Amino acid sequence: MDPSSAGRAARALELLHSVVYFAPDIASELAALGVDGPAAQYFGGRSAPLGAVGPGVVTATFYSFSPRLVASAVPAVWETAEPAAIIAARLRALDALHRRVLGQDVLGSAEMNEAADLAATAARAIPGPDGRPLYAAHADLPWPEVAHLRLWHALTLLREYRGDGHVAALQTAGLSGLDALVTHTATGTGYATDPARKLQGWSRDEWADAEEELRGRGLLDKRGELTGEGFEVRELVEDLTDDLAVAPWIALGDEGVERLLDLALPWRDAFVDAEVFPAGLFGPRYGDAR
């Protein structure tokens, strides 16, 4: 399993983790705790494994979000609900979401159990927490018992491990959090530009200023598209990210990775077909990986 193939597999499976950020089931369960509004639910939910941290820690580890948006929710969210309560609520909601979209026959199947075991094999082969704060926090959580939640937890560990390495790669390339977001949307393989800007809390002026600075560095052209040098920088980032995240996929092996993809991608597509993700969220090349 080479790093590039491992990266494609990780990206293909990522939506199975990301349902937790968009599904109304999760929003409703957190709202029942008093954690209301997209910012409090996202930052509270994803950072809860870190404990009741302040806005600086969340801004640093999440990397591409406006500090202003983070501070609108953190630390106030911890006054509403403790991290442990938020973690438990998310798992309850994820269970309900999987039952609603996939159905009990899929959740109770041998295929679901096999997929969970394969993903867990990869996740348990992650070398360690060094320099990977979000992965380390999630790795401290107990493994769920039921197969579909074990699958989600394993994919979450793999995603956060990769994400922490991605931050290191962006730093190496000299891209700030906002630079990273602007250049990534310009590739067309991630979120579309306007949803990305709004979701991550940046104003139009801040976005325009970042584009101007990136043009000055020769990474964007006048239309806001990546130049040849811009593509080279993004390729450097993605290649380094793949290199830093390859170890667990090597442990799973080529056949194991292909089997996991064969099993899990129809479930990913079922979540997309169920409109868990908002229309217009993704760029024109999202999903090119597989």
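A salt bridge here is a side-chain nitrogen of Lys or Arg within 4 Å of a carboxyl oxygen of Asp or Glu. This is a predicted model, where local features need pLDDT of at least 70, side-chain atom pairs count only at pLDDT 80 or more, and totals for chains, interfaces and linings use all residues. Residues are numbered from 1 along each chain as its sequence is written, and side-chain values use heavy atoms, with hydrogens and water left out.

**View 1. Asp269 and Arg268 pair up in a salt bridge.** Their side chains come to 3.1 Å, N to O. Arg268 is buried, at 15% relative accessible area, while Asp269 is partly exposed at 34% (buried is under 20% relative accessible area, exposed over 50%, partly exposed in between; 1.4 Å probe, protein chains only).

**View 2. Glu14 and Arg159 form a salt bridge.** The N to O distance is 3.4 Å. This one ties together distant parts of the chain, 145 residues apart: Glu14 sits in helix 1 (residues 3-22) and Arg159 in helix 11 (residues 147-172). Helices are DSSP runs of H or I, at least four residues, numbered from the N terminus. Both ends are partly exposed, Glu14 at 24% relative accessibility and Arg159 at 23%.

**View 3. Arg99 bridges to Asp95 within helix 7.** Here the closest N and O atoms are 3.1 Å apart. The two residues lie four apart in helix 7 (residues 83-101), so about one helical turn separates them. Arg99 is partly exposed, with a relative accessible area of 37%.

**Overall tally.** The structure holds 20 salt bridges, the pairs shown here among them.
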